[in-house]
Amino acid sequence: MKSVYFERFGGPEVLTFGERPEPVAGPGEALIRVRACAINHLDLWVRAGLPGLEPDMPHVLGNDIVGEITALGTGVTHLRVGQKTLVNPTLSCGACAACAAGDDHLCRSYDVIGRKRNGGYAEYVSVPAVNCLAYPENLPWEQAAAVPLVFLTAWHMLVTRARVKSGDDVLVIGAGSGVGSAAIQIARLHGARVIATASTAAKLAKARELGAHETIDHGSEDIAARARVLTNKKGVDVVVEHVGGRVFEAGVASLAKDGRLVTCGATIGSKVTLEVNQLFGRHLTLMGSWMGRRSDLNDCMPHVTSGALKPVVDSVRPLADARAAHERMEAREQFGKLVLVP
């Protein structure tokens, strides 16, 4: 089959478009003919070889997979060959105390398809059959592929962790990212007032089209100062952050009393300075958010199917152009998801 894979860590140049053996559906698995696969920052980190993310080589990336089931392994009775599916990218043991409690994202075996297990940058991929969800028929393949990981992550951040509610002022950092574009919509869905940041006028305009009430140019404006102006000096109730570094610090400074900041990444820096007097004196809550529960995606999907939540696609490229797509993401040029099609 045609696939994009790499055999050593490095930049986008290590990605190779070529032939790889077609996988088979083992016991409890489904073989998927991939129709589209979206790119995530996780793909860039795995490709770069960050510690703790070492897959077997050669490795095929790709977390966000949609396609048609072409074969079923033994023991699979709830699916049928020919069925369209959107794949939940998360993996867990299903048997530990965390999984039994519904906190599968805290499972010690938790992983994501495409991280260590081969993913969807290919014509075919084998996945656990339990990960095959109903396909959102209102969406074309390319848009459906833009759903799984970012909507799972953003839903877990806002709904499960920060418990966003009607009337909250929510600051979304990085509206052009997949998580940012999903978070704007999820906050609006729950009745919040959304303030979104981006680095260009075009991205700020798109953020407003998605539902942001106010926008901040984080390239030229002081995020915290502007957030306080937009909230009549109160500050925001929730900050959704996935950047780290000085932007994390600006997010903390933007919070109102009893505010909550939730973060899922550190793309510009993992070290921050925190004023502890602010933390307890203003009764703040700072939360990490790791991927999400299977139930988060299940709860989110009806809103995708109804059209209330709409995946945002930056561009669609053939599988052979995976390298160029990685370069575009690393340059932070995209708004929404980059999608590959075999």
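Predicted model: local features only at pLDDT ≥ 70, side-chain atom pairs only at ≥ 80, totals over all residues.

**Entry 1: the largest pocket**

I started with the largest pocket, which is lined by 41 residues, and I noted His41, Ser177, His242, Thr267 and Arg332 as those nearest its centre.

Residues are numbered from 1 along each chain as its sequence is written, and side-chain values use heavy atoms, with hydrogens and water left out.

I looked up the volume next, and the largest pocket comes to about 910 Å³. Volume here is the space filled by probe spheres set on the grid points, which are joined across faces, edges and corners.

Which elements each supply at least two residues of this lining? I found helix H1 (41–48), helix H4 (148–161), helix H5 (178–189), strand S11 (193–198) and helix H8 (245–254). Helices (H or I, at least four residues) and strands (E, at least two) are DSSP runs, numbered from the N terminus.

By class, I get 19 nonpolar, 16 polar and six charged residues in the lining of the largest pocket. Nonpolar covers Ala, Val, Leu, Ile, Met, Phe, Trp, Tyr, Cys and Pro, charged covers Asp, Glu, Lys and Arg, and the others, Gly among them, are polar.

**Entry 2: the second largest pocket**

The second largest pocket has a volume of about 160 Å³. I see 13 residues lining it, and Met1, Pro21, Pro23, Val60 and Asn118 are the closest to its centre. Strand S8 (residues 124–128) gives the most to this lining, with three residues. I sorted the lining of the second largest pocket into seven nonpolar, four polar and two charged residues.

**Entry 3: charged pairs**

I then searched the whole structure for salt bridges and found 18. The rule is a side-chain nitrogen of Lys or Arg within 4 Å of a carboxyl oxygen of Asp or Glu.

One of them joins Lys2 and Glu19, with the closest N and O atoms 3.0 Å apart. Lys2 sits in strand S1 (residues 2–5) and Glu19 in strand S2 (residues 16–19), so this pair ties together parts 17 residues apart in sequence. My cut-offs are under 20% relative accessible area for buried, over 50% for exposed and partly exposed in between (1.4 Å probe, protein chains only).

I picked Asp169 and Lys234 next, whose closest N and O atoms are 3.3 Å apart. Asp169 is in strand S10 (residues 169–172), while Lys234 is in the loop between helix H7 (223–230) and strand S13 (236–241), so the pair links parts 65 residues apart in sequence. Asp169 is buried at 8%, whereas Lys234 is partly exposed at 37%.

Lys234 has a salt bridge with Asp237 too, again with the closest N and O atoms at 3.3 Å. Asp237 counts as buried at 16%. Through shared partners, Asp169, Arg193, Glu214, Lys234 and Asp237 form one network of salt bridges.

**Entry 4: His242**

Back to a residue from the first entry. His242 is in the loop between S13 and H8, and it is buried at 12% relative accessible area. What does its side chain meet? A polar atom of the His242 side chain is 3.0 Å from the backbone oxygen of Ile173, and a polar contact of 3.1 Å joins His242 to the side chain of Ser177. A polar contact is a pair of N or O atoms within 3.5 Å; within protein, one must be able to donate a hydrogen and the other to accept it, and residues adjacent in sequence count only if both atoms are side-chain atoms.

**Entry 5: helix H8**

I listed the buried ones as Gly245, Val247, Phe248, Ala250, Gly251, Val252 and Ser254.

How values were computed. 1 Å grid on protein atoms, 1.4 Å probe; cavity = no way out; pocket = protein on both sides within 12 Å on 5 of 7 lines; lining within 4 Å.
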